[in-house]
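Okay, everyone, thanks for coming. Let me put the structure up, and then we'll walk through one of its interfaces.

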Amino acid sequence: MFKRLAEKGPAISITVDGKPVTARAGDTVASALLGAGIDHCRTTPVTGAPRAPYCLMGVCFDCLVTVDGVGSRQGCLIPVREGMKVETQLGRREAGR
Amino acid sequence: MAIESRADDEFDVAVVGGGLVGVATAWGLSREGCRVVILDEGDRAVRASRGNFALVWVQSKGLGLAPYAGWTIRSSNAWRGFSDLLKQETGLDVSFQRPGGFHLCLSEKELEARANVLKRLHNQPGIVDYKTEILTHDQVKAMLPDIGPEVVGGSFCPLDGHVNSLRLFRTLHAALNARGVTYLPSHRVEAITREAGEFRLATPHGEIRAAKVALAAGNANMRLAPMVGLEAPMRPERGQIVVTERLRPFLNHPVVTLRQTDEGTVMIGDSKEESVDPSGLTIGVSATEAERAVRQFPLLANVNVVRTWSAIRVMTQDGFPIYDESQTHPGAFTVCCHSGVTLAANHALTIAPMIARGALDASLVAPFSARRFHVQAAG
Amino acid sequence: MIAAADLASSYELVVIGGGPAGLAAATLAARAGVATVLFDENPGIGGQIYRAITSTPVSDRAILGKDYWDGAVLADEAKASGALIANGATVWSLDRQRLVGVSIGGKARVIEAGRVIIATGSQERPFPIPGWTLPGVMTAGAAQTALKAQGLVVEGRTVLAGSGPLLWLLAAQTLRAGGRIAAILDTTPRRNWLQAMFHLPDFALSPYFAKGLALLREVRAKVPVHRVGTIEAVGTDRVREVVFSGAGGTRRLPVDLLLLHQGVVPNVNLANAAGVAHVWNDRQICFVPVLDADFGSSVPGIAVAGDGAGIAGGTAAAERGRIAAIAAVRALRPDSVVPDTQAIRQRLQREEMGRAFLDWLNRPADSFRLPVGDTIACRCEEVTAQQVRETAQMGCEGPNQMKAFLRCGMGPCQGRLCGLTVTELIAAERKTSPDEVGYYRLRPPVKPITLAELASLPISEVERKAVER
């Protein structure tokens, strides 16, 4: 869906569901997912429908993901960090993570 | 169900109040064959039915008025049948569950106070016998594995349960709609008179006439009851609730201050403040509720709070229900109480048939007449 | 980065939002000697219009255009002004006493403010068409954000749909960046011209006139534009096709990315939760705060500047921020020297001149605001338009009762993506006005915080006793 205009800025290694993904400095979690061509980042807690980032400005809450073990983080507001572990969130969040 | 005024229609009963007490009573009246009109306020009404905690709760009930325990248990026992009837009519499941509920204590002092309350409650003369046990930390943990180390123990009552109260609210409205009951929002009742054997209720959208009137307007009953020779002394108070995002099921029993809904959200609450400003919220009160919730269930620490709200409790001056019929205005009744969820089954299945017949059954509800306030004042 | 613990317990002025209004307001106030903090939830300042202005990887200035780069001046001035700028700082609560709840890096604080300027700007209007929740459907603003902040340009079969200046600007920026656009589905109803033409003379005098025409020419030269009356995103796991109908009948296009836009509306959540009175604006089809000439709201000490005060664009937002800041400085430090508001008001008036034309021309058709059937109205709780309509028919008069009955607006987005739709649907079913129906009553936290954060806040003895009895 998206390509990078230029591979600028230092590469940052994160994992998404355990698989390595190369992000760039300046990426948010959500933009890193889009840049890596990842199709959806969660399924809804109501019907289990797949969702992906929609607004990228903190409004829609469709980019909720688990970041470093903490669920329901807004991916579009969180800058990537080296070694960050991102997981797609399936349905309702589990208490305690 | 049209929402325009029906000044020309004849109704058997006008129910004043479209909250849970009003709609449960109206549904029961409709089942008895009455032609019912519900007069409600609008979208911005101060509405306890949108802010309640949704417990169907028995433990602790009745300290100070022993018959209240029996009345509560009667409703708790009727609740399964009530929810089945609603499901038959609407297809909607209000998710009533009665797995038994807890009151959790975070210090020895709290646990001791809890034990004392239960002892005083169950030592009252004439109290119906029902079981509430005091449990140790380990006993609680066997049933609620996620409690934190600070929970020293608590009390457990097998009769306690909960329901999805917003769905109950919607389900009753849907059932009334299907029954053809007339629902008139934005019809705040300004005055009630009785002329030529019928009641005339003045609203901003015209006058509604009915043979009987049931006042189920929560704290507003204080204003309305004197219009028909009744009284409803109230002392409203504010409660605040914190609610989380939807979580996978982790809690099999409701706790009096914390419950997981069937949708997965966790409600945390049970504060009491004197304020009657429904728009105010005290952050420190929400913080206290959150702090205790995390101590009770540490796995909730990182869970997101999506909303907090305050609501005004419907509360009579002594906290117990008022069910009355007017001597001066025959056909006028009050149905006024806190715990509109717990008592919904009674209102639908016991109180409504009495109103339909035109007389309250003293053997069941005499202790709940507002006349008790005068007895106390005299004594 | 500023940590929650580094914040003082009170500031004379708290500015919320780091877009043009917030940056201009904070700059002016701080220069006048007012102790000012600016909270912005994004990783960097700029808001949406000047998104990533201090960090964008898009170095070719022609791609994003001059109007974007104008934001660099605002950002530089704010950084040099002496205002404390906290990014990654989410304001989750504001009340009538001007207590500001803010969360930074997972730590919450409650800060006292002498005055507050809400500059939380706008968001894209909900665009509830069938399939709008599918992965691969995003807002045009989202694609623009990805371009500005990360240099991500669309790839594959991309279709833009909707109406309004941002749609055409994004198309032009995408083309300049080497991206390809398969089609633009223009939803602007032709009859909008009937109303808009009365305002054409004013628009012709506004700075947007020449820019707008040039943009349209630039895009139309390279992209097929279809005027459409219906749009549907089709797919199961993701969007595969977009189906649309217009004068030429129904057509289908395979699509990898569908970008939706039908204008922007004020982001009302924080102001609403603070108790600020709002009123329906029929020209912009949204709720706007009731404000005085200095952008002061119905709540004493709280102003709303920028597009949050009603949509007028980025340049106007900065001028509004300045006017609100001057009022704050005068209240807080009457002896301080502040710029002449007369000149600012004149500039603002010039900026706002063409707005009526743009509003009437780009007014979204009813069919794109009032969904029917199974189309989702509330994305979070997956409530359909039909459910809302039926419940309104049942006698449910307003959005707050609707919320209780259907849970619409109860999810994490707190009604941001369904509020206007639900209000308008109820109004349509009740045959009344959205103003009469009203909006959700919003409650803190307006953005989620964790239970542990809430638990960490100061608690007085009285507050504790309200719970521990």
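Before I start counting: when I say polar contact, I mean a pair of N or O atoms within 3.5 Å, and within protein one of them has to be able to donate a hydrogen and the other to accept it. Also, keep in mind that this is a predicted model.

So, chain B against chain C. By that rule, 17 residue pairs are in polar contact across this interface, both residues at pLDDT 80 or more. Which elements of chain B give two or more residues to the side touching chain C? Those are α5 (165-179), α7 (283-296) and β15 (304-313). Of these, α7(B) gives the most, with 13 residues. If you sort the residues on that side of chain B, you get 23 nonpolar, 15 polar and 15 charged.

Now the salt bridges: there are 5 across the interface. One I'd point you to is B:Glu263 with C:Arg407, where the closest N and O atoms are 3.2 Å apart.

How much area is buried between the two chains? About 4,200 Å², with carbon and sulfur atoms giving 57% of that. On chain B's side, B:Asp43, B:Ile283 and B:Arg307 supply 16% of the area that chain B buries here, more than any other three residues. In residue terms, the contact takes 53 from chain B and 46 from chain C.

β15(B) pairs with β22 of chain C, residues 449-450, in the antiparallel sense over 2 bridges. If you want to find that spot on screen, look for B:Val305, whose bridge partner in β22(C) is C:Ile449.

Okay, over to you.

Technical notes
Residues are numbered from 1 along each chain as its sequence is written. Chains are lettered from A and ligands numbered from 1 in the order in which they are written. This is a predicted model: local features need pLDDT of at least 70, side-chain atom pairs count only at pLDDT 80 or more; totals for chains, interfaces and linings use all residues. Side-chain values use heavy atoms; hydrogens and water are left out. Contact means heavy atoms within 4.5 Å. Buried area is the accessible area (1.4 Å probe) that two parts lose on being put together, summed over both. A salt bridge is a side-chain nitrogen of Lys or Arg within 4 Å of a carboxyl oxygen of Asp or Glu. A polar contact is a pair of N or O atoms within 3.5 Å; within protein, one must be able to donate a hydrogen and the other to accept it, and residues adjacent in sequence count only if both atoms are side-chain atoms. Helices (H or I, at least four residues) and strands (E, at least two) are DSSP runs, numbered from the N terminus. Ala, Val, Leu, Ile, Met, Phe, Trp, Tyr, Cys and Pro count as nonpolar, Asp, Glu, Lys and Arg as charged, and the others, Gly among them, as polar. Two strands pair if DSSP finds at least two bridges between them.
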